[in-house]
Amino acid sequence: MDIKGSVALVTGANRGIGRAFARALLEHGAAKVYAGARDPARVVDQDVTPLRLDVTKPEQIAEAAAIADDVSIVINNAGVGGSGTGLLEGDFAAAHQAMEVNYFGTWAVSRAFAPILARHGGGALVSMLSLASWVGQPGFPGYAASKAAQWSLTDALRKGLQEQRTLVVGVHSGFVDTDLSSWVDAPKVTAADVAEQTMEALANDRWEVLADDETRQAKAALSQPLHAEPGR
């Protein structure tokens with residue numbers, strides 16, 4: 001996948017990993033980057049194109065697809081933590097929201113933009129996933145479940161879009177140093193590092209990014225017996 005001269009869309013691009021993706025795309029020569037955000041006024045970078053996009057609102061997705069019909073790279077980054085739902089207590093509102101944004105939001109954006117990518121030779125579709133896609137998380141089960149579902153969806157998209165020559169990339173990481181993980185004292189990878197590794201995967205037509213040691217260990221442990229704890 002040639003990033004130089006491409007047109008890209010990043011969802012949830014106003015801060016954190018999404019903003020890092022947008023910066024990395026430009027640094028690697030993208031001609032234009034649409035920065036999707038629920039509130040475009042919060043997109044502060046002057047060299048991107050703000051785009052109103054709440055991934056839970058079908059009408060906004062349709063409008064975004066009509067505007068950004070020149071894209072060849074779509075990065076599904078928009079996400080929420082869903083931490084308000086505990087494993088054995090609390091209501092399910094936060095967990096429902098995590099599934100709506102992380103899973104159904106990614107699905108809806110991918111559906112809308114897949115035909116556009118096909119018209120541009122296939123292009124690339126990226127999902128910002130997590131180490132939690134593979135490891136149950138008693139502390140934030142709603143988030144982990146939504147990321148597991150998003151991982152399954154990403155695999156389905158990879159197979160389903162193969163004929164149209166779309167490169168589908170899953171990006172997995174442990175804690176990333178952003179506002180979303182500010183509550184935890186644990187090793188963290190930088191958003192810029194995750195974004196740069198993703199650019200390398202795109203440039204080399206690789207399907208998967210394992211952004212840190214903990215994630216690589218968790219992936220390797222999937223083949224171990226169930227009692228072998230693969231990490232967080």
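Arginine 165 is exposed, with a relative accessible area of 68%. In this predicted model, arginine 165 belongs to the loop that connects H4 with strand E6 (167–172). Its backbone has a positive phi of about 65°, although the residue is not a glycine. Most residues other than glycine have a negative phi.

Aspartate 205 also has a positive phi, near 55°, and is likewise a residue other than glycine. The loop that holds aspartate 205 runs between helix H5 (191–203) and strand E7 (208–210). With a relative accessible area of 46%, aspartate 205 counts as partly exposed, because that class covers values between the 20% limit for buried and the 50% limit for exposed.

## Overall architecture

The protein chain contains 6 helices and 7 strands. Read from the N terminus, the order of elements is β-α-β-β-α-β-α-β-α-β-α-β-α.

A compact globule of 232 residues would have a radius of gyration near 17 Å, and the protein chain, at 17 Å, agrees with that expectation. Along the principal axes, the C-alpha trace spans about 45 × 35 × 30 Å. Among contacts with a sequence separation of 6 or more, 65% involve residues 24 or more positions apart.

## Surface and charge

Of the 232 residues, 51% count as buried. The protein chain exposes about 11100 Å², and carbon and sulfur atoms supply 52% of this area.

## Asparagine 76 in strand E4

Asparagine 76 lies in strand E4, which covers residues 73–76. Its relative accessible area is 2%, so the residue is buried; the cut-off for this class is under 20%.

The side chain of asparagine 76 forms a polar contact of 3.2 Å with the side chain of serine 110. Residues up to four places away in sequence aside, asparagine 76 touches Thr11, Thr106, Val109, Ser110, Leu125, Val126, Ser127, Met128 and Gln150.

## Two loop glutamines

Glutamine 46 is located in the loop between strand E2 (32–37) and strand E3 (49–52). This glutamine is exposed, with a relative accessible area of 76%. Its side chain reaches the backbone oxygen of valine 44 at 3.2 Å. The C-alpha atoms of glutamine 46 and threonine 106 are separated by 26 Å, and the two residues are 60 residues apart along the chain.

Glutamine 137 is placed in the loop between strand E5 (124–128) and helix H4 (141–160). In contrast to the exposed glutamine 46, glutamine 137 is buried, with a relative accessible area of 8%. The side chain of glutamine 137 reaches the backbone oxygen of valine 135 at 3.5 Å.

How values were computed
Residues are numbered from 1 along each chain as its sequence is written. This is a predicted model: local features need pLDDT of at least 70, side-chain atom pairs count only at pLDDT 80 or more; totals for chains, interfaces and linings use all residues. Side-chain values use heavy atoms; hydrogens and water are left out. Helices (H or I, at least four residues) and strands (E, at least two) are DSSP runs, numbered from the N terminus. The radius of gyration is taken over C-alpha atoms; the globule rule is 2.2 Å times the number of residues to the power 0.38. Buried means under 20% relative accessible area, exposed over 50%, partly exposed in between (1.4 Å probe, protein chains only). Contact means heavy atoms within 4.5 Å. Accessible areas come from the Shrake-Rupley method with a 1.4 Å probe; for residues, only the protein chains shown count as cover. A polar contact is a pair of N or O atoms within 3.5 Å; within protein, one must be able to donate a hydrogen and the other to accept it, and residues adjacent in sequence count only if both atoms are side-chain atoms.
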